[in-house]
Amino acid sequence: MTYSLLAVMLVLTPVLSQAQTHKLTQSQPSLTPEMLSQQNDTVLSLFASTSEESEGQYGTIKNVALGSDSCLTLQADNSSVAFESCQDTARQHWKLSQIMTGYLKITSQALAGEAEESCLAVNTSAASPEPKMIACVGSGYTSMRSWKAVINATSGAAGIVYTLANKYRGDLGRAEVLGYNVNRLQMVAAASSDDVTWQLTVPDITQKREVMGAKKILLLHTHYSDAPANDLAPIQTALFGSGTDYSSLAGAVRVASYGKVTLTGDTLSDINLGPRPEACSSSVVAQAKALAREKGVEPDNYDYTFIEIPATSCNWSGLAQTPGNWIIGNASGYKPWMWQHEFGHNLGAKHATSLENCTVNSDGITQLDQQCKSTTASDPSDTMNGGGSRLYPAPYLFYTGWLTNRQMPLVSQPGNYTLTPLFTAPKDDELKGIRILRRDGTYLTLEYRQPLKGFETWASDDPFVNGVIVRVISFGGTILNTLVDTTPGSANGMKDAPLMPGKSIDDVLSGKRITLIGVNAEGAHVHIDNIPGSNEQYVVPEAVIPDNFSIVARHSDTTVRILDGSKSTGSEFVWRSLGGAKPFGLQEAAGGSPIAEVRTSAARATFLGGYTGEAKYQLTVTGSHGMTDSKIVTVTVLPAKVEISAPDTLAQGHVHTINAQANFEAAIWHWSLKSGETVVAESTQPAFEVESQRYAVGTYQIELEASSADGKYLASATKPVSIAEAGTPEYPGYVEGTNYAAGDRVTVAGMNYSCKPAPFTAWCAGAAWAYAPGTGSHWEEAWDVVDRSALALTE
């Protein structure tokens with residue numbers, strides 16, 4: 001459970017100008033008899049099938065990878081199942097229906113007349129991955145027959161498709177889904193590929209959290225030792241009202257639930273919470289309940305506990321459990337809308353959001369797709385996001401059970417539908433809302449409102465009572481409402497969000513086009529159809545790009561690297577250099593001039609010689625209905641670099657080997673040892689050997705220029721060194737095979753080394769070719785340099 005905060009909100013009622021009103025009225029088409037006739041036929045058909053749809057209907061089960069001509073078929077033994085050519089027989093008709101909360105059973109029409117119902121189930125043995133038909137009730141566990149259908153939003157198949165997981169296998173910790181092997185079902189490792197994706201008819205089992213009947217509230221009227229209690233009468237009025245009012249929480253719930261929920265309660269006053277707390281916390285709930293018990297009142301005997309506290313420094317007007325059974329009013333209990341908002345949290349509603357900035361196609365139809373942006377802009381029709389005392393949206397009423405599946409059905413078939421005003425007395429054969437399942441598991445919902453005394457105080461020309469309100473809803477342990485702005489770009493923002501007569505919106509994730517034919521005394525007449533082309537293969541765009549990488553800048557020539565996006569999914573590919581064409585751009589073909597954009601899945605990225613820095617390249621892939629996915633690869637362009645490895649001091653009497661490391665493939669080396677400006681030694685070998693006995697004691701500089709064989713990479717480095725007289729070694733010399741202990745020190749060529757601690761100590765006694773300090777091929781695995789900056793010299 002979570003806590004939800006309510007900040008103080010200003011509610012503004014939107015008003016349309018005369019010009020806007022005229023435009024909306026003029027765009028409304030007249031309702032023809034043919035339209036209404038078609039509408040009635042659709043609604044009658046809908047209600048005839050609603051209860052069937054919620055219980056499940058027989059249909060085929062097809063695997064996306066195997067194609068539409070192959071159907072799951074019950075075999076002659078009435079136990080095994082396999083894929084065969086589709087023949088439209090009872091052995092190829094399957095029904096999914098609820099077996100437990102969140103899970104389905106799968107039964108065959110061919111066995112429907114049997115005395116004992118059979119279900120598709122897994123075996124208790126993990127070594128037997130092939131599901132078969134067994135008795136729905138009997139040996140084993142119910143979970144063996146329980147399947148969870150999850151929408152596979154990444155599949156390219158047309159329509160809504162699913163993966164199927166088995167509860168029993170999941171309870172065993174096996175991450176598996178239903179797949180196939182040759183032509184037989186088989187549990188396989190969890191994935192989202194077409195091999196484990198299914199086309200089937202899933203019943204309407206939208207998750208709800210029903211709240212019904214007479215509910216009692218305990219109102220705890222509290223005070224602090226330094227702050228008196230708030231005036232009680234306005235709080236009680238705002239909360240309980242008169243029983244028939246249109247201005248209290250109880251009144252709002254009475255109207256919104258169609259009388260299915262009544263709120264009454266008792267008040268307990270004179271509850272001293274002690275000193276006013278400095279921090280904001282929900283701990284006052286437990287404190288107030290404990291104080292109520294001391295007065296002989298048990299809060300747990302009530303459905304809800306509401307606590308009104310004097311003003312504190314908290315920046316919220318109310319705090320509630322989501323979902324839950326308590327509310328705290330922060331000196332705001334006299335405001336009915338505060339109780340409505342917080343009670344919405346108790347019902348399970350989160351703070352609502354809005355969907356803005358959708359695009360409009362060339363036909364003037366708003367596109368509900370990936371381009372839309374979720375915002376916190378206010379929803380004038382939802383108290384959970386700035387709607388004040390307006391009543392809860394239709395999806396909340398469905399979630400709580402106040403609207404039935406018949407009154408707010410799941411619609412998948414094209415047709416005309418009439419929505420009656422949401423808060424008029426409901427009838428079983430009237431639609432109060434519509435739900436449309438989307439590929440991501442959310443629902444598109446439609447509702448129609450009219451002004452209503454007290455709560456639904458709309459101007460007669462307001463779009464919210466002249467159009468259809470479109471929302472995207474997530475049902476689960478909580479419910480989230482997102483209001484869709486069907487008029488993107490208007491000056492009124494979300495105040496004219498509803499779909500107006502004569503206008504349409506395309507919902508890409510459901511493949512449906514919703515058109516408001518018009519509104520009249522009967523209600524709002526809506527036409528639902530498939531978006532043209534929506535039955536074609538659905539391509540979810542996914543940009544696949546290389547990992548970020550680095551390159552070394554050439555001295556004067558352009559570097560080219562291939563940015564391979566060929567594993568991306570989509571129909572159009574655009575690579576863009578976010579920094580423009582230069583110094584880091586793109587090429588259409590080898591040798592071409594740098595440009596900022598190319599339209600291929602694999603791009604040639606160009607990096608001009610002599611420039612370093614960070615280059616960003618973005619791949620945008622387009623899929624169905626203009627949906628896009630973009631990802632950015634970052635290329636770090638490093639300068640060519642070479643580093644000299646040498647001690648700061650070279651002892652006389654030794655030959656010192658100086659090495660260097662380059663960040664490119666260096667092939668040409670030019671070493672110099674200089675005394676002042678005079679070069680005293682040179683070499684073109686990869687390693688520079690300095691015979692220190694040949695040079696006087698003093699300060700010198702090692703200089704190095706390194707380049708690649710083709711001269712395209714060039715780097716230089718310098719290092720000052722001193723040549724000093726050789727002194728007496730500080731520690732004994734290294735002797736191969738000596739059983740050195742951890743911490744033992746030796747001096748080799750004027751350098752001091754310490755044997756490493758365990759577990760590396762044993763290497764110190766190893767062969768000299770490998771572990772001699774400073775010269776062995778793996779000496780650093782055995783020895784640490786005690787002092788790399790200077791030799792230990794004695795007079």
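Trainee: In S37, what is the bridge partner of glutamine 587?
Mentor: That would be arginine 604. Strand S35 (residues 584-587) and S37 pair in the antiparallel sense over four bridges; two strands pair if DSSP finds at least two bridges between them. Strands here are DSSP runs of E with at least two residues, numbered from the N terminus. Do keep in mind that this is a predicted model, where local features need pLDDT of at least 70, side-chain atom pairs count only at pLDDT 80 or more, and totals for chains, interfaces and linings use all residues. Residues are numbered from 1 along each chain as its sequence is written, and side-chain values use heavy atoms, with hydrogens and water left out.

Trainee: How many bridges join strand S33 to S37?
Mentor: Six, and strand S33 (residues 559-564) and strand S37 (residues 602-607) run antiparallel. Leucine 563 stands opposite alanine 603 in S37.

Trainee: And what is the strand order in the open sheet of five strands?
Mentor: The order is S32-S39-S38-S34-S36, with mixed pairing. Strand S32 (549-552) and strand S36 (597-598) are at the edges with a single partner strand each, so one side of each has no neighbour in the sheet.

Trainee: Do S32 and S39 run parallel or antiparallel?
Mentor: Parallel: four bridges join S32 to strand S39 (residues 628-638). Phenylalanine 549 is opposite valine 635 in S39.

Trainee: Switching to pockets, what volume does the second largest pocket have?
Mentor: About 590 Å³. A pocket is an open set of points on a 1 Å grid over the protein atoms alone, where a 1.4 Å probe fits, with protein on both sides within 12 Å along at least five of seven lines. The volume is the space filled by probe spheres set on the points, which are joined across faces, edges and corners.

Trainee: Which residues of its lining lie nearest the centre of the second largest pocket?
Mentor: Pro647, Thr657, Met751, Tyr753 and Gly774, out of 25 lining residues; a lining residue has an atom within 4 Å of a point. Strand S42 gives the most to that lining, with six residues.

Trainee: Now rings. How many aromatic pairs does the count come to?
Mentor: The count comes to 22 aromatic pairs. Rings of Phe, Tyr and Trp (its six-membered ring) pair if their centres lie within 6.5 Å; planes under 30 degrees apart count as stacked, over 60 as edge-to-face and the rest as tilted. Tyrosine 392 and tyrosine 396 make a tilted pair, 6.2 Å centre to centre with 45° between the planes.

Trainee: What about tryptophan 671 and phenylalanine 688, stacked or tilted?
Mentor: Stacked, at 5.5 Å centre to centre and 25° between the planes. That pair links distant parts of the chain, with tryptophan 671 in strand S43 (residues 668-675) and phenylalanine 688 in strand S45 (residues 688-691), 17 residues apart. Both tryptophan 671 and phenylalanine 688 are buried, meaning under 20% relative accessible area, with exposed over 50% and partly exposed in between (1.4 Å probe, protein chains only).

Trainee: Which ring does the charged end of arginine 390 sit over?
Mentor: The ring of tryptophan 458, 3.6 Å from its centre. A charge sits over a ring if NZ of Lys or CZ of Arg is within 6 Å of the ring centre and within 35 degrees of the ring normal.

Trainee: Last one: where is serine 128 found?
Mentor: In the loop between strand S8 (118-121) and strand S9 (132-135). Serine 128 is partly exposed, with a relative accessible area of 27%.
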